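Visitor: I am new to this structure and would like to learn how to read it. Please take me through some features one by one.

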Amino acid sequence: MHISEGVLSAPELGVGALLTVVGLGIGLRRMDYERLPEVAILSSVFFVASLIHVPIGPSAAHLVLTGLCGTLLGWMAFPAIFVGLSLQAILFGFGGVTTLGINTFNMAFPAVILGMLLRHFLNSSNYKFRIAVEFVAGSGSILISGLLVALCLVIALGQSMRAAAQVVVLAHVPVMIIEGLITVFVIEFIRKVRPEML
Amino acid sequence: MEMEELAVGKSWVHGIDPRLKIVIMLVFSILVALNNNIHVVTASLLLSILLIVTARLDVRFMLRRLGMVNGFILFLWFFMPFTASGENIYSLGPIDIKREGVHQALLITIKSNAIVMMGITMLGTSSVFSLIHAMSHLYVPDKIVHLFFFCFRYIHVINDEYQRLKNAMRMRGFRPRTNMHTYKSYSYLVGMLLIRSFDRSRRILQAMKCRGFRNKFYILHHYEMKKFDYAVAFSSVAFAVFILVLN
């Protein structure tokens, strides 16, 4: 979920921007020019995937797939997600320049951390354990992102936003489950078809 | 996919140097986002609207886009007027509407829309490639500029591929529902997109190497600030000073 412009105050925006600059710095350092086309083009895939709406009961949600992005790209997911969010802001007006820092951090940080932690277990021979790990990478990224957004709202607008913050987290629950499932299926698919990508 | 449809046009806003547009949008966003004076913020909103009108942008298109962007703001309106502390302005049974909450929600709504409108007017009226080119002049790191360039260049290609796969699924009778089959099918669609793109990126890298790519794009066309751009820059500075003084 993008936090809109005008909601947060200077300290949060500043801290968000700073953290994102650090994340971008690490990500860019890890990404040499050999891997640049790969990161950029996977970033376009994640952009296009965010236009796919999957049905959840009577409603629908668009794919986010930050967990998958973190699993495939590690720290390089930071610049990939940053570029995706910037293009969404430029092309569709979602989010904006002052919230770009905090929004990138909220989405990329959980994905990178979970992706980095769980990547080591992806080649485990224990099938059930592996599936569980993939599910956690997908759903956990969404959960932590949701918690971070809720936290930002409470810090910016005060304790009175507690109810709204709870709704934000609850709204992430169905998306979390779908994202977990889809992450599992996508990674298992890649394992079968193009294992060198993992 | 709707994108860049405002970029063609001949108004004065379309003619501003893209570098200047990015700087104006940045400064405007920061000044408005950090301002808590409702009069100043409203003046900024009016300025944004004035720019949209004089840039002769499609108003209906603009409203549609603002409608999408205001989802989050609408969500806040469901909470802020009721959960704030302080003075009541209206009681509706057990629900109190607080002055402080309404004020804060209104402030956020105006700020957010002012910034989004300015963003669409400034950035939407340039092609994305010219903005990326402008970024390289504004000291954005080379790798980021390259990422933007490649990412945007291939969004269209990948979207075409997505549409093709989607049509193929539809022709085989796929209908999305809330079930495992649907999620699995979408996952395989995404997986296929990722794998094809991964292979494509390998080919691109090889093609670039064959052509002697040395980690640098050589820019042949350079921007030049014209008198008109200086006039725009001067008025923007004047407006910025106006906001800061009023604060």
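Visitor: Where is B:Trp12 found?

Guide: Helices (H or I, at least four residues) and strands (E, at least two) are DSSP runs, numbered from the N terminus. B:Trp12 sits in the segment before helix H1 (18-33) of chain B. This is a predicted model, in which local features need pLDDT of at least 70 and side-chain atom pairs count only at pLDDT 80 or more, while totals for chains, interfaces and linings use all residues. Residues are numbered from 1 along each chain as its sequence is written, chains are lettered from A and ligands numbered from 1 in the order in which they are written, and side-chain values use heavy atoms, with hydrogens and water left out.

Visitor: Is B:Trp12 buried, exposed or partly exposed, and which residues is B:Trp12 in contact with?

Guide: Buried means under 20% relative accessible area, exposed over 50%, and partly exposed in between (1.4 Å probe, protein chains only). B:Trp12 has a relative accessible area of 35%, so B:Trp12 counts as partly exposed. Contact means heavy atoms within 4.5 Å. Setting aside neighbours within four places in sequence, B:Trp12 is in contact with B:Leu51, B:Thr54, B:Phe228 and B:Val232. B:Val232 is 220 residues from B:Trp12 in sequence, yet their C-alpha atoms are 9.9 Å apart in space.

Visitor: Which residues of H3(A) are buried, and what covers them?

Guide: In H3(A), 8 of its 8 residues are buried. They are A:Thr66, A:Gly67, A:Leu68, A:Cys69, A:Gly70, A:Thr71, A:Leu72 and A:Leu73. Their cover includes H2, H4, helix H5 (100-119), H6 and H7 of chain A, together with helix H9 (180-210) of chain B. After H3(A) comes A:Gly74, whose phi is positive, near 60 degrees.

Visitor: What is the area buried between chain A and chain B?

Guide: The size of an interface is often given as the accessible area lost when the parts come together. Buried area is that loss (1.4 Å probe), summed over both parts. Between chain A and chain B it is about 6400 Å², with carbon and sulfur atoms giving 81%. In terms of contact, 72 residues of chain A meet 73 residues of chain B.

Visitor: Which residues are linked in a network of salt bridges?

Guide: The network links A:Arg130, A:Glu134, A:Glu188 and A:Arg191. Within it, the closest N and O atoms of A:Glu188 and A:Arg191 are 3.4 Å apart. Both residues lie in helix H7 of chain A, 3 residues apart, about one turn of the helix. A:Glu188 and A:Arg191 are both buried.

Definitions and conventions: Buried area = accessible area lost by both parts, 1.4 Å probe. Salt bridge = Lys/Arg side-chain N within 4 Å of Asp/Glu carboxyl O.
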